[in-house]
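Me: I have a chain open and want to go through it with you. Can we start with the aromatics and move on from there?

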Amino acid sequence: MSTAPATTEYDFWSFVACSRCHLPYQLPMGAATVPFWLTECGHVVCNNHLNVDQSCARCGAQDIQLVPLQREMEAPMSDWFRPIPDAIDTMAFAARFQYDTIVAQVHYYKNRCQNLKAALERSKHENHELKKLNDSLANEKNQLLQYVRANHNGQQPSTVPNRNNKRPMIDSTLTNSSPRSVATPLGPSRLTLPIGQQPPLTNRQEHIHEGNLPHQETLHQPNISNQFKEQYSYQPPVTPSSGK
């Protein structure tokens, strides 16, 4: 029975070499004796093939930037030297993390949408039932109004309560013709007496005619004295007589 080959760990740095002379970066006895550089265009060159005009010794790209090649470098250059299985594991973990997050959000909003749909259906049913109840109450109100009008000879309860906090029965014709609920009482037809009719005598007038008034309540008519007449009466001017 054949068995699967065991995976062996390898170090990618053992394959790093100059892209021009293939001088390995990591020698069997230790580190390289010359510095190595990593170009912006993605090539490794040793210090022996470094061009002074800042061009790549492998592809000839001009005005490139160079960084010293070493094991501890910043991203993203450090990811270029990671073993592919480790990178795949990292990518798989990132993909799994993103997938689980998206699926959780989708499930949340899907359940929320279903709950909102159920609430909407309940609201529609309740609205339909309330509409039916409203129509039933309106019909019952009309029937009660017809019954009240038929049994009270055209009278119906007033909308304005009285002092006893009760609504008296009023004529419906008055409420329909006038905005006021209380009818204004009618006054007398006339305020003067007909010609020839004497007014009724009061008790005081009867006492006057019978002579029963006290002495201090007797009526006195003003008397004009002779002195008043002489003082305020007209006196013609006296004309002097002419002597001869």
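Reply: Phe12, Trp13, Tyr25, Phe36 and Phe81 form one aromatic cluster. Keep in mind that this is a predicted model.

Me: How many aromatic pairs turn up in the whole structure?

Reply: Five aromatic pairs are found when the whole structure is searched. One of them is Phe12 with Phe81: the ring centres are 6.0 Å apart and the planes are at 55°, so this pair is tilted.

Me: Where do Phe12 and Phe81 sit in the chain?

Reply: Phe12 is in the segment before strand S1 (26-27), and Phe81 is in the loop between helix H1 (77-80) and H2. The two are 69 residues apart, and the pair links distant parts of the chain.

Me: And Phe81, buried or exposed?

Reply: Phe81 counts as buried, because its relative accessibility is 9% and the cut-off for buried is under 20%. Phe12 has 29% relative accessibility and therefore counts as partly exposed.

Me: What about the rings of Trp13 and Tyr25, how far apart are their centres?

Reply: The ring centres of Trp13 and Tyr25 are 5.5 Å apart. Their planes are at 45°, so this pair is tilted.

Me: Which parts of the chain does that pair tie together?

Reply: Trp13 and Tyr25 each lie in the segment before S1, so the pair ties together parts that are twelve residues apart in sequence.

Me: What are the relative accessible areas there? Trp13 to begin with.

Reply: Trp13 has a relative accessible area of 6% and is buried. Tyr25 is buried as well, with a relative accessible area of 17%.

Me: OK, stepping back. How many helices and strands are in the chain?

Reply: The chain has five helices and seven strands. Starting at the N terminus, the order of elements is β-β-β-β-β-α-α-β-β-α-α-α.

Me: What share of the residues is buried?

Reply: Of the 244 residues in the chain, 10% are buried.

Me: And how much accessible surface does the chain have?

Reply: The accessible surface is about 21,800 Å², and carbon and sulfur atoms account for 55% of that.

Me: Contacts next. Among those between residues at least 6 apart in sequence, what percentage join residues at least 24 apart?

Reply: That figure is 34% for the chain.

Me: Where is Ile88 found?

Reply: Ile88 is in helix H2, which covers residues 84-151. With a relative accessible area of 48%, Ile88 is partly exposed; that is over the 30% needed for a patch residue.

Me: Last topic, backbone. What is the phi of His22?

Reply: His22 is not a glycine, yet its phi is positive, at about 60°. His22 is in the segment before S1. It counts as exposed because its relative accessibility is 60%, and exposed means over 50%.

Me: And Asp63, what is its phi?

Reply: Asp63 has a positive phi of about 50°, and it is not a glycine either.

Me: Where in the chain is Asp63?

Reply: Asp63 is in the loop between strand S4 (44-46) and strand S5 (66-68). Its relative accessible area is 61%, so Asp63 is exposed.

Definitions and conventions:
Residues are numbered from 1 along each chain as its sequence is written. This is a predicted model: local features need pLDDT of at least 70, side-chain atom pairs count only at pLDDT 80 or more; totals for chains, interfaces and linings use all residues. Side-chain values use heavy atoms; hydrogens and water are left out. Helices (H or I, at least four residues) and strands (E, at least two) are DSSP runs, numbered from the N terminus. Buried means under 20% relative accessible area, exposed over 50%, partly exposed in between (1.4 Å probe, protein chains only). Contact means heavy atoms within 4.5 Å. Accessible areas come from the Shrake-Rupley method with a 1.4 Å probe; for residues, only the protein chains shown count as cover. Rings of Phe, Tyr and Trp (its six-membered ring) pair if their centres lie within 6.5 Å; planes under 30 degrees apart count as stacked, over 60 as edge-to-face and the rest as tilted.
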